Protein chains: 2
Amino acid sequence: MNNIPSVFWLIPIASIVALGMAWFFFRSMMKEDEGTDRMKEIAEHVRKGAMAYLKQQYKVVTMVFVVLAIVFSFMAYVLKVQNPWVPFAFLTGGLFSGLAGFFGMKTATYASARTANGARTGLDKGLKIAFRSGAVMGLVVVGLGLLDIAIWFVALNAFYDGEATALVTITTTMLTFGMGASTQALFARVGGGIYTKAADVGADLVGKVEANIPEDDPRNPATIADNVGDNVGDVAGMGADLYESYCGSILSTAALGATAFAMNADMQLRAVIAPMVIAAIGIFLSLIGIFLVRTKEGATMKELLHSLGLGTNVSAALIAVATFIILYLLGIENWLGLSFSVISGLVAGVVIGQATEYYTSHSYAPTQKIAEASQTGPATVIIKGIGTGMISTMIPVVTISVAIMLSYLCANGFDMSLSAKSISTGLYGIGIAAVGMLSTLGITLATDAYGPIADNAGGNAEMSGLGKEIRERTDALDALGNTTAATGKGFAIGSAALTALALLASYIEEIKIAMVRAVENGKQYFDAAGNIFDPTNATTIDFIEFFQVNLINPKVLVGAFLGAMAAFLFCGLTMDAVGRAAESMVQEVRRQFREIKGILEGKATPDYGRCVEISTRSAQREMLIPSLLAIIIPIVVGLVLGVAGVLGLLTGGLAAGFTLAVFMSNSGGAWDNAKKMIEEGHFEGKGSENHKATIVGDTVGDPFKDTSGPSLNILIKLMSMVSIVMAGLTIAFL
Amino acid sequence: MNNIPSVFWLIPIASIVALGMAWFFFRSMMKEDEGTDRMKEIAEHVRKGAMAYLKQQYKVVTMVFVVLAIVFSFMAYVLKVQNPWVPFAFLTGGLFSGLAGFFGMKTATYASARTANGARTGLDKGLKIAFRSGAVMGLVVVGLGLLDIAIWFVALNAFYDGEATALVTITTTMLTFGMGASTQALFARVGGGIYTKAADVGADLVGKVEANIPEDDPRNPATIADNVGDNVGDVAGMGADLYESYCGSILSTAALGATAFAMNADMQLRAVIAPMVIAAIGIFLSLIGIFLVRTKEGATMKELLHSLGLGTNVSAALIAVATFIILYLLGIENWLGLSFSVISGLVAGVVIGQATEYYTSHSYAPTQKIAEASQTGPATVIIKGIGTGMISTMIPVVTISVAIMLSYLCANGFDMSLSAKSISTGLYGIGIAAVGMLSTLGITLATDAYGPIADNAGGNAEMSGLGKEIRERTDALDALGNTTAATGKGFAIGSAALTALALLASYIEEIKIAMVRAVENGKQYFDAAGNIFDPTNATTIDFIEFFQVNLINPKVLVGAFLGAMAAFLFCGLTMDAVGRAAESMVQEVRRQFREIKGILEGKATPDYGRCVEISTRSAQREMLIPSLLAIIIPIVVGLVLGVAGVLGLLTGGLAAGFTLAVFMSNSGGAWDNAKKMIEEGHFEGKGSENHKATIVGDTVGDPFKDTSGPSLNILIKLMSMVSIVMAGLTIAFL
C-alpha cells in the first residue's frame with residue numbers, strides 16, 4: 001500500500017465529506033414542518049407511489065444483474081477471457097448507483113411538501129429547502145461515486161501490488177464497474193422516463209384538453225402518478241445517468257492515463273489519480289457553491305436565476321483555477337496543457353448550457369417563433385419545434401468538436417502525428433476534459449434535482465388548496481426549475497458525449513489486455529500478411545492497423561450504419577412505449593370520470609392508486625425491450641463484425657446519438673416553454689386555440705425531452721461499456 | 001478510338017432508344033383529348049405556374065453554376081489542382097439534369113387533364129395515359145444520363161488516347177459531371193420540396209381545417225399552387241434526384257473499376273464499361289416492363305398494384321438474369337461473384353421497398369396503430385408516428401448493411417484481408433450493386449412520376465366538377481400513386497446510400513490522383529515518421545495509413561460528429577423553411593377569404609396566381625441557405641481537418657443521413673395513410689375529431705416525406721461529390 005501517495009486520501013475524505021453534508025442537508029430538511037394535514041397526506045401518496053415504483057424497478061434490475069453477473073463470472077472463471085474481479089466490480093457499480101437513486105428520491109419526496117410549506121414563510125425559505133434537498137442528490141451521487149472508486153482502487157492496488165502492469169490492470173478492471181452503473185442507469189432512465197411521461201401525457205390529454213381542469217388539479221386521477229413520475233424520472237433517472245457519466249469519465253481517464261504514461265511508473269500513478277483528485281477538489285468547491293445559493297423575498301425570475309447561477313459559476317470558476325494548482329502540484333507531465341484540456345471541457349459545458357437556454361427559453365426568438373406558429377394551429381407548432389430542435393444541434397456539436405480537438409491537442413502539445421505517445425496523451429486529454437466538465441457535478445446536479453422538487457411543491461400547493469400568493473411563489477420556483485432542467489440536460493448530454501468518447505478510446509486498451517491474456521493462454525494472432533501479431537508490445541496504432549479500423553473497411557462502415565440505426569431504433573421504441581403507456585392512462589382516467597360520479601365536481605376522490613399502478617406496470621413492461629437491445633446490439637456486432645465493426649458501431653452511435661439527443665431534448669424544451677409563454681398571456685393567452693395548439697406541442701415534447709432524448713445519453717455510454725466488458729469474448733472468436 | 005470495344009456502342013444506342021420512346025410516349029399522350037374547356041383552363045393554370053417556377057429556379061441555379069464553374073476553372077487553369085475538363089463536365093451534368101427535369105415536368109403538366117379525361121372513358125385508359133407519361137420522365141432521365149456518359153467517354157477517350165493511366169483519368173474526370181447533376185438536383189429537391197409543401201400545408205391548414213372545404217376545391221386559392229407543387233417537387237425534384245443517383249452510381253463504379261483492374265488494361269476497360277452496359281440493357285428491359293402495365297375496368301386497388309408491380313418485377317427479374325449473361329460475355333474477372341453483387345443490390349432495393357410499404361400502408365399494423373392513436377388526439381398521433389418512423393429504420397439499415405457486406409465479399413471472393421486487391425474489387429462490387437439497384441430506373445421512375453400525374457388528374461377532375469364516377473376512378477389512380485410514391489422513396493434512399501458509399505470510396509482515388517498531380521508539379525509529401533511519401537505507386541491502404549483515416553484519429557471522430565450534425569441541421573433548415581413558407585401562404589389564403597367577397601360561396605374566383613407567386617418566391621428564398629451549406633460544409637471540413645476529417649464527415653453524414661431520411665419519409669408516409677384510413681370510414685371517419693387529429697399528423701408529415709427526408713438523399717451524395725471535386729484543393733493545403 002505504500003505506493004499510494006498521500007494525496008490519494010483526499011479522495012475518500014472528499015467522498016465522506018460529501019456524504020456527511022448530504023446527511024446534514026437531509027436532516028435539516030426533515031426538521032422543517034411538512035405543513036397541513038392535507039399537504040402531508042398528498043406528500044405521503046407521492047412518496048408511497050415513488051417508493052413502490054422504485055421497489056418494483058429494482059426487482060427487475062436485480063434479476064438482470066444476476067443474469068449478467070453469471071455471464072461475466074462464466075467469462076471470467078470458465079472461459080477465462082475476463083479479469084476475475086469484473087463480476088464484483090459490475091455488481092458494486094449497480095448497487096451504488098441504485099443507492100444514489102434511492103437516497104435522492106427519498107429526499108425529494110420528503111422535501112416537496114416542506115418546500116411548499118416553506119414557501120408559506122417566504123420565497124427564500126422555499127428556495128433553500130428545495131435547493132438543499134436537491135443538493136442531497138448531487139452530493140450522494142458524487143460521494144458514492146468517489147467512494148466506490150476509492151475502495152476499488154485501494155483493494156485492487158493491494159491485490160496487484162508489485163506487478164509491472166498493475167495500474168493498467170487495475171484501471172481497466174475498475175472501468176467495468178461503470179458497466180454496472182450504466183446498466184442500472186439505463187433502466188432508471190428508460191423506466192423512469194416512460195413512467196413519468198405516461199402519467200404526464202395521460203394527465204394532460206384528459207385533464208387539460210378534454211375536461212379543461214388545470215395542471216395538478218386534485219380532481220385528475222393521474223395527478224399523483226404525474227408527481228410520482230417527476231421523482232422517478234427526473235430525480236432517480238437523472239441521478240443514475242450522471243452517476244454513470246461521473247464514474248465513467250473518471251475511470252476511463254484513469255485507464256487512459258495508465259496507458260499514456262506506462263513508460264514511467266511514477267508519472268503513471270500520478271496520471272491515474274489526477275482525475276480522481278480533480279473530482280475530489282470539485283466536491284469541496286461544489287459545497288462552497290451550494291452555500292452561496294440564496295435569494296430575497298419577491299425576487300424576479302432573473303434574480304432567482306442569478307442566485308442559482310452564482311453557485312454554479314463560482315464553483316466552475318474555482319475548479320478552473322484549482323485545476324492548474326492540482327496538476328502542477330501533482331507534478332504531472334505537461335501539467336499546463338492538461339489544465340487547458342480541463343478548461344476546454346468546462347467551457348464546452350457552459351457553452352452547451354447557454355445554447356440550450358437560447359433555443360429553449362421563451363426569452364429568445366426560437367421559442368417565441370414556436371409560440372407564434374400556434375396561430376396557424378398545432379401542425380405548424382410541431383413543424384417549427386422539430387425544425388428548431390434540429391437546427392439547435394449545430395452549436396453543441398461544433399462546441400463538442402472544438403473541445404475534443406482542443407483537449408486532445410493541449411494534452412499532447414499540439415501533436416497531430418498520431419504517434420503512440422501523441423495519441424495516448426491526447427486521448428487522456430479528452431478524458432480529463434470530461435472530468436473537468438463533471439467535476440462540479442455536486443452543484444450542477446443539485447440544480448437539476450431541485451427542479452422536480454419545486455415542481456412537486458407546486459403540485460402539493462395546488463392540490464392542498466394553498467392561497468394564491470403561496471402558489472405564485474411555488475410557481476416562481478417551478479419556472480426556475482424548468483430553465484435549470486433544460487441547461488442541465490444540455491450538460492448531461494455534453495458530458496455523456498465526452499465520456500463515451502473516452503470509453504471508446506478505452507475499448508482499444510481493453511482489447512489489448514484481452515489479447516495479451518489470450519496470448520498468455522496460448523492463442524496466436526496473425527495479421528493480414530500472415531505474420532504472427534504480438535499484442536504485448538504493440539501500440540494503439542498497431543492495434544488499429546491490425547484490426548483495420550479505418551474508413552475503407554466495410555465492417556467499419558456497416559458498423560457506423562448500425563450505430564446510427566441503434567440510436568433511432570432505441571428512440572423509436574421508447575417513444576412508442578410512452579405512446580402506448582399514455583393511452584392506457586387516458587383510458588383509465590376517462591373510465592374514472594365516467595364511472596366514479598362526482599369527481600369533476602370535487603365531491604368524490606379519484607382512485608389515484610390505480611393510475612400509479614398503471615404507470616408502474618407500463619414502465620416495467622415497456623423498458624425491457626429497448627434496454628436489452630442496447631446491451632445486445634454491441635455484443636452481436638462484436639461477434640459478427642469484430643473489433644472494427646464495434647468501433648464503427650460506437651462511432652456511428654455516438655455521432656448520431658449525440659445529435660439526436662440534443663435535437664429531441666431541445667425540441668421538447670422549446671415546446672414546453674412556448675406553451676408557458678402563451679400561458680403568460682401572449683398570443684391570446686390561456687384557453688385560446690393557440691394555447692391548445694401549444695399544448696399539443698408540449699405533449700409531443702414530453703417523451704422527447706424526458707424519455708427518449710435523455711435515454712440516449714445512457715445508450716451511447718452503455719454501448720461502449722458493454723463492448724469493453726465483452727472485449728474478451730470478441731477476441732476469443734477471432 | 002479503336003480501343004473502344006463494339007459492345008460499348010450499345011450504350012449510346014440504348015440512350016437514343018430511350019429518348020426516342022420517350023418522344024413516342026409524349027406524342028401519343030399529346031394526341032389525347034384534354035377534355036372540357038374548364039379542364040383545359042385548369043391544366044393551363046398549373047402548367048403556367050409550373051413553368052414559371054422552373055424558369056425562376058433555373059435562373060438561380062444558373063447563377064450558382066456560373067460561380068462554381070469559375071471556381072473550378074480557377075482550380076483547373078490557375079491553381080492547376082484539377083483536371084482541365086472538370087468545369088465542362090460539371091456544366092453538362094447540370095444542364096442534362098435540368099433538361100430531364102424540364103421534359104419530365106412539361107409532360108406531366110400536359111398529362112394530368114388528359115388522364116382525367118381518359119378516366120372518363122375508363123380506368124385502363126386513365127392508367128395508361130398517366131403511367132406512360134410518367135415513363136417519359138423515367139426514359140428521359142436514363143436516356144440523357146447514358147447519353148452524357150457516352151459522349152464524355154468517347155471524347156475523353158479520344159483525348160487521352162494512349163496514355164497509360166487514361167482510364168483512371170477519364171473515369172475520375174467524368175465523375176465530376178456528377179457534381180453538376182448533384183448541385184442541380186439539390187436545388188430541385190430543396191426548392192421543389194419547399195414549394196410543394198408550402199402550398200400543400202397552406203392549402204390544408206386554411207382549406208380543410210378552417211374553412212372545412214375538401215381537398216382540391218376550386219374555392220381554395222392555394223389549390224393551383226398545390227397542384228403546381230406536385231409537379232415541381234415530386235416530378236422535377238424526384239427526377240433530378242434519381243438522375244444523379246443513376247449517373248453517380250455508374251460513374252463511381254467505372255472509376256472504382258479503373259482502379260481495381262489497373263494492372264490489366266484489357267480487364268480494366270471491361271470493368272469500366274460493365275456498369276454502363278448493365279444500365280443500357282436495363283433500358284431495354286424497362287421498356288418491356290412499361291408495355292406490360294395495363295389494367296381492366298373496375299380493377300381493385302390490389303389489381304392496380306399488381307399491374308404496376310408486374311411491370312417493375314418483370315424488369316427486375318430480367319435484369320437479374322441478364323447480368324449474369326452480360327458479365328459473362330464481357331469476360332470480366334470473377335463475373336459470377338460480381339453478378340451476385342448486382343443481385344444483392346437488386347434484392348436490397350426490393351426489400352427496402354417492401355419494408356417501406358409495410359410501415360406506411362394502412363393495410364398493416366404500424367399505420368393502423370397511428371390511426372387508432374387519433375382517439376386520444378393529435379399529440380398521440382404525432383408521438384406514435386415519430387416512434388413508428390424511427391423503428392422503421394431498422395429493416396432498411398440492416399438490409400443495406402447486409403447488401404454492402406455481400407456485394408463487397410461476392411466481388412472479391414470473400415476476402416476480408418483488406419489487401420489492395422481485395423479492397424478495390426470489393427468496393428467495385430458495392431458500386432455495381434448500386435448500378436444493379438438502379439438499372440431498371442426507366443420503369444421504377446415511371447411509377448414514381450405517375451403518382452403526381454394521377455394526383456393532378458384528381459385535382460383537375462375535382463376542380464372541373466366531373467361526375468362522381470370519374471372522380472372515383474381518378475381517386476383510385478391517385479391512391480395507387482401514394483403507395484408507389486412510398487416504395488419509390490424507399491428505393492431512392494437505398495440507392496442514394498449505396499451510391500454515396502461508392503462515391504466515398506472514389507474520393508480516396510481522387511485524392512490519389514490529386515496527389516500524383518501535385519507531386520508531378522514538384523510538391524513533396526512526408527509521412528508521420530518524416531519519410532517521403534510517394535503517391536504514385538501507393539495502394540488504397542497506404543493512403544488510408546498516410547492520412548490516418550482511422551477511428552482513433554480525433555479528426556475522423558470530429559468529422560463524424562459534424563457529418564451527423566450536417567444531416568440534422570439541413571433537415572432543420574428545410575423544415576423551418578416549409579414552416580415559414582406555409583405561414584405566408586396561410587396568411588394569403590385567409591386574406592383572400594376575407595377580402596374577396598363570395599369565394600367560399602363559389603361566386604368569385606380566388607386569385608390563384610398570387611398563391612403560386614408566394615410559393616415560388618418562398619421556395620427561391622428559402623432554398624439558398626440549406627443548399628449552400630451542403631456545398632460549404634465539406635469544403636470547410638476539408639480545409640480545416642483534411643482528408644481524415646472529410647472521410648469522417650462523409651461517413652457520419654451517410655450513416656446519420658440515411659437513417660434520418662428513412663425515419664422522416666416513413667413517418668410522413670404513415671401519417672398520410674393513417675389519415676386516408678380514417679377518411680375511408682374507420683375510427684368515426686371523415687369530419688370527426690379523430691380525422692382532424694390525423695390531419696395534423698399528415699400536415700406535419702408533408703415536409704417530413706416530401707421536403708426534408710428526400711433532400712437528405714442529395715445531401716449525402718452531394719457532400720461526397722463536393723469532396724471529390726475539391727480533392728485537389730484539400731491536397732494543396734496539406
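The model is predicted: local features need pLDDT of at least 70, side-chain atom pairs count only at pLDDT 80 or more, and totals for chains, interfaces and linings use all residues. Residues are numbered from 1 along each chain as its sequence is written, chains are lettered from A in the order in which they are written, and side-chain values use heavy atoms, without hydrogens and water.

**Chain symmetry**
- Chain B superposes on chain A by a rotation of 180° with 0.0 Å of shift along the axis, at RMSD 0.0 Å (least squares on C-alpha atoms of residues with pLDDT of at least 70 in both copies).
- The two copies are thus related as by a two-fold rotation axis.
- Both copies use the same surface: 100% of the contact residues of chain B recur in chain A (contact means heavy atoms within 4.5 Å).
- Asn550(B) comes closest to the rotation axis among chain B residues, at 2.1 Å for its C-alpha.

**Helices α2(B) and α18(B)**
- α2(B), residues 37–78, packs on α18(B) at about 25°, with axes 10 Å apart (axes are lines fitted to C-alpha atoms over the stretch in contact; angles run from 0 to 180 degrees between N-to-C directions).
- The pair is therefore roughly parallel (angles under 35 degrees).
- Contact residues include Tyr53(B) in α2(B) and Met623(B) in α18(B).
- By class, this contact has 9 nonpolar, 6 polar and no charged residues (Ala, Val, Leu, Ile, Met, Phe, Trp, Tyr, Cys and Pro are nonpolar; Asp, Glu, Lys and Arg are charged; the others, Gly among them, are polar).

**Gly598(B)**
- Gly598(B) sits in the loop between α17 (554–595) and α18 (608–679) of chain B (helices are DSSP runs of H or I, at least four residues, numbered from the N terminus).
- Gly598(B) counts as buried, at 18% relative accessibility (buried means under 20% relative accessible area, with a 1.4 Å probe and protein chains only).

Methods
Helices (H or I, at least four residues) and strands (E, at least two) are DSSP runs, numbered from the N terminus. Buried means under 20% relative accessible area, exposed over 50%, partly exposed in between (1.4 Å probe, protein chains only). Angles under 35 degrees count as roughly parallel, over 145 as roughly antiparallel, 65 to 115 as roughly perpendicular and the rest as oblique.
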